[in-house]
Amino acid sequence: MVERVALFVTCLADTLYPDVGKATVTVLERLGIEVVFPGEQTCCGQMHGNSGYPDEAVALARRFVDVFDGFDAIVTPSGSCAAQVREHFGDLLDGNDRGVPARTWELSQFLTGVLAREDVGSTFEGTVAYHPTCHSLRLLRVGDAPLRLLQAVPGVELVELPDAEECCGFGGTFAVKNADVSAAMLDEKIAAITASGAECVCACDSSCLMHIGGGLRRRGIAVRPVHLAEILAS
């Protein structure tokens, strides 16, 4: 049984969505987990690696390992950042990762896989459509872990999201470098969310929710983007 974890908050939670980080702590502490926040943490280097800056990505990976080594588990409310650590650090560091990637978990995987919990004591009222983000779906292979957590929340009515596994078009710097394609993909995702009739769209990544939320606001669509951690903390 893991009783003490380190929180890897991610750049987006640190700078734009602090409530997601706070919600993650709330959920873990509710389950009796002691949460430690290493103040020396920085970016995991995902953006640098994706953009063709391997030296910078390696430097950040080394720093991550230095900061988080010694913890039995590192938990993050981000499928994409967890995927960077778990799937890419081994290659970036030539295996000299001190086992940190294997101890790094996206929140839903940690709750269901490590703690074997689905009911985390939440309540939330509303219809919710779940968007499985690309990294959580295809790299981390979280499967139905987020859905099982949502299904265990009294008051949540899950509704089907058409073509749920299609990308929202964010893709980090892809949305900047390929803006027209990204916007077209977002149009399709917004149409699917609207067709679902959901009051909220939920995901495991603030980055995708930022992209989707911006599209919803610009179109005047009253669907609320909400991170899984925020629903579970409610």
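Is Asp205 buried or exposed? Asp205 counts as buried, because its relative accessibility is 1%; buried means under 20% relative accessible area, exposed over 50%, and partly exposed in between, with a 1.4 Å probe and protein chains only. Do keep in mind that this is a predicted model, in which local features need pLDDT of at least 70, side-chain atom pairs count only at pLDDT 80 or more, and totals for chains, interfaces and linings use all residues. Residues are numbered from 1 along each chain as its sequence is written, and side-chain values use heavy atoms, leaving out hydrogens and water.

**Overall build**

- The protein has 12 helices and eight strands; helices (H or I, at least four residues) and strands (E, at least two) are DSSP runs, numbered from the N terminus.
- For 234 residues, a compact globule would have a radius of gyration near 17 Å, and the protein agrees with its 17 Å. That radius is taken over C-alpha atoms, and the globule rule is 2.2 Å times the number of residues to the power 0.38.
- Along the principal axes, the C-alpha atoms fill a box of roughly 45 × 40 × 25 Å.
- Of the 234 residues, 50% are buried.
- Among contacts (heavy atoms within 4.5 Å) with a separation of 6 or more, 79% join residues 24 or more positions apart.

**Nonpolar cores**

- In soluble globular proteins, nonpolar side chains tend to be buried together.
- A nonpolar core here is a set of buried Ala, Val, Leu, Ile, Met, Phe, Trp, Tyr and Cys residues joined through side-chain atoms within 4.5 Å.
- The largest such core has 35 residues, and those with the most contacts inside it are Val5, Leu28, Phe110, Leu111, Cys202, Ile231 and Leu232.
- Two or more residues of this core come from each of strand S1 (4-7), helix H2 (18-30), helix H6 (107-114), S5, helix H8 (145-151), S7 and helix H12 (228-233). H12 gives the most, with five residues.
- A second, separate core has 17 residues, including Phe8, Cys44, Phe64 and Phe71.
- Leu28 is in contact with Val5, Ile33, Val35, Val75, Leu107, Phe110 and Leu111, leaving aside its neighbours within four places in sequence.

**Helix H10**

- The 18 residues of H10 (residues 179-196) should span 26 Å at 1.5 Å a residue, and the end C-alpha atoms agree, being 26 Å apart. The expected span is 1.5 Å times one less than the number of residues.
- Its buried residues are Ser182, Leu186, Lys189, Ile190, Ala192, Ile193 and Ser196. These cover an arc of only 160° around the axis, so they lie on the same side of H10; the arc is that of the directions from the helix axis to the C-beta atoms.
- The face turned away from that buried side carries the exposed residues Asp180, Glu188 and Ala195.
- Cover for the buried residues of H10 includes strand S5 (126-130), strand S6 (156-159), helix H9 (174-177), strand S7 (200-203) and helix H11 (206-218).
- Gly197 follows H10 and has a positive phi, near 75°.

**Helix H4**

- H4 (residues 54-68) has 15 residues and reaches 21 Å from its first C-alpha to its last, close to the 21 Å expected at 1.5 Å a residue.
- Ala57, Val58, Leu60, Ala61, Phe64, Val65, Val67 and Phe68 are buried in H4.
- The buried residues of H4 pack against S1, helix H3 (46-50), strand S3 (74-76), H5 and S4.
- Gly70 follows H4, with a positive phi near 105°.

**Around Asp205 and Ser80**

- Asp205 sits in the loop between S7 and H11.
- Leaving aside neighbours within four places in sequence, Asp205 is in contact with Ser78, Gly79, Ser80, Thr133 and His227.
- Ser80 belongs to helix H5 (residues 79-92) and counts as buried because its relative accessibility is 9%.
- Not counting residues up to four places away in sequence, Ser80 touches Gln46, His135, Asp205 and Ser207.

**Positive phi outside glycine**

- Asp94, in the loop between H5 and strand S4 (104-106), has a positive phi of about 55° although it is not a glycine. At 67% relative accessibility, Asp94 counts as exposed.
- Ala116, in the loop between H6 and S5, has a positive phi near 55°. Ala116 is exposed, with a relative accessible area of 60%.
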